[in-house]
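Subject: Handing over the structure

Dear colleague,

I am passing this structure on to you, and below it you will find notes on what was found. Please read them with the structure open beside you.

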Amino acid sequence: MDRERAEIHLRQLAEAELRRAPVPGDLGTGHAGRLPLVAQALVAVGAVDVGTADQIHADLDLALAARYQAAGATPQQLARLIGVRPSRTVTQTFTASRQGSWRVVPVGQVIRIRDGEIRGELALLAYLQTAQGGRFTASGRVHGPAPGPGTQPPRPGLPVSRQFTAADDKGASYTLRFSFRPGITGPAVWGGELDLRPDPQHEIGWLDLRTAPGQPATRIRLNPRDPQIPAPDITVTRTAHSPGELLLDVIAARILTTAGSVPQDNPGQLADAGLRAFVGDGPGHIVAALQAAGALPLSSPAPGQLAGLCARLGITGHGITAPPAADLPDRWVSMLTRYHRRQPYVTPAPGSCAATAAQLPELNGARLAVLGLRHADRGTIVHLHAGGVTMEDDWEYYRAVRPLPALWIRDHAGRWHATRDYAPRPLGDDGEVTVDLAITPPLEAGTPWIDLAATGPSAQIQARLPLRWTWNP
């Protein structure tokens, strides 16, 4: 990695952006350059730090502001023309060696809520205990009081003002705080976490959980492992991948998940207009920057493969100079085949859950744990907990945290699925965060197992996760 060349390339791009910005006499159009996109790519592979990238962008903004002020621009016009970028604090990078041990346990138990007129069910998928505390991943439906005469039926909701209580096998008492997000789960099914307060100070064998005073307790067994939930099979293959190649794979996954969201009644029109507008010439700028920084070998087939993917989807003007490759990675081809054929299949019903859980080996400083799957109103979601990471700003090829390996899923029928990050919780003080990953396309109903492939610069981890689908109220 050549950090000096990466910074020079970024500064040269900023100078080019300044030259191509709207002329002072044309204050009606804003400036939309490629500097933020390329800067984020270089930050993601570790070629440029956040502070340097922000300083280069600030220098460009100052130069543009001076130009437009001289032309008589108002403060409102300046804000529109150069954008308003809040200052960022350089986030500390955490390493896995600084984190304590994790405990990951599949649960697969349904808790029924009966509290006055409140009715609902919560499926506990997995239990995680780290230095950040203990929590369950969960999915549920909770309904309020029945409607009165002439009123609308109640919307499914979550009584966030109410707390569960629990006591463990050592006699310690806890309250369980909801941290649920409707979002992609839709209005009918919720998904999120139940956090134990205070943080457990020992390994819990079981919890007696009460959803309301006077209600009987439900025992949640956390040790030993439930024999009905088979253990995952994990393999590690030591294979070198350049940071640039991994980033282009992330971009390909983002393009494919976007293509997968195109309605089936008119895929051609949106693929031509929507996908082309989304991609633009960004890939070409990113490839040039990665090659200049030494993060992407000039001999790598990845740029040609990404150009080939764009060609298969009818995306032009992407800016990649390498000839489109005909031979694409199997996982891309699998998703392309399903995109073009649009073969329907039955997906799990909303509310279906799979209490699979696995802690993966450390991968280039990042630690990952799978904490169950659930099928929501708009797709299949996998809970993922990551450690040794930093938050990543929102950009066109959003990943939520870095370094998050390129994550792909292969189902029992050999079909590949990409993952798209959604709704991370705030990052913990020691670099831990829980992320929901949307699986695209969704899994088929009754999928008995999946292979989760996580690829980093030095290795690929494959975890075969048995799926036992339960709870469909």
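Pro 441 sits in the loop between strand S17 (432–440) and strand S18 (449–455), where helices (H or I, at least four residues) and strands (E, at least two) are DSSP runs, numbered from the N terminus. Thr 440 and Pro 441 are joined by a cis peptide bond, with omega about -10°. Another cis peptide bond links Arg 197 to Pro 198, with omega about 0°, and Pro 198 lies in the loop between strand S6 (190–197) and strand S7 (206–210).

Please keep in mind that this is a predicted model, in which local features need pLDDT of at least 70 and side-chain atom pairs count only at pLDDT 80 or more, while totals for chains, interfaces and linings use all residues. Residues are numbered from 1 along each chain as its sequence is written, and side-chain values use heavy atoms, with hydrogens and water left out.

Asn 364, a residue other than glycine, has phi near 55°; Asn 364 belongs to the loop between strand S10 (353–359) and strand S11 (367–376) and is partly exposed, with a relative accessible area of 36% (buried means under 20% relative accessible area, exposed over 50%, partly exposed in between, with a 1.4 Å probe and protein chains only). Gly 314, which follows helix H8, has a positive phi near 75°. As for H8 (residues 302–312), nine of its eleven residues are buried, so this helix is largely enclosed by the rest of the structure; among the buried ones are Pro 303, Gln 305, Leu 309 and Cys 310.

Next comes a pair of helices. The axes of H1 (residues 3–20) and H2 (residues 35–44) come within 10 Å and cross at roughly 175° (axes are lines fitted to C-alpha atoms, for helices over the stretch in contact, and angles run from 0 to 180 degrees between N-to-C directions). H1 and H2 are therefore roughly antiparallel to each other, a term for angles over 145 degrees. Ala 6, Leu 10, Leu 13, Ala 14 and Glu 17 in H1 meet Leu 35, Val 38, Ala 39 and Leu 42 in H2, contact meaning heavy atoms within 4.5 Å.

The largest nonpolar core has 60 residues, and Ile 255 and Ile 286 have the most contacts inside it (such a core is a set of buried Ala, Val, Leu, Ile, Met, Phe, Trp, Tyr and Cys residues joined through side-chain atoms within 4.5 Å). Helix H5 gives the most to this core, with nine residues. Leu 247 is found in H5, which spans residues 243–260, and is buried at a relative accessible area of 2%. Although Leu 247 and Ala 41 are 206 residues apart in sequence, they are 7.7 Å apart in space, C-alpha to C-alpha. Leaving aside neighbours within four places in sequence, the contacts of Leu 247 include Ala 41, Ile 286 and Trp 395.

Finally, Arg 103 lies in strand S1 (residues 103–115) and, at 13% relative accessibility, counts as buried. A polar atom of the Arg 103 side chain lies 2.7 Å from the backbone oxygen of Ile 204, and one lies 2.9 Å from the backbone oxygen of Leu 222.

With best wishes

Note on methods
Angles under 35 degrees count as roughly parallel, over 145 as roughly antiparallel, 65 to 115 as roughly perpendicular and the rest as oblique. A polar contact is a pair of N or O atoms within 3.5 Å; within protein, one must be able to donate a hydrogen and the other to accept it, and residues adjacent in sequence count only if both atoms are side-chain atoms.
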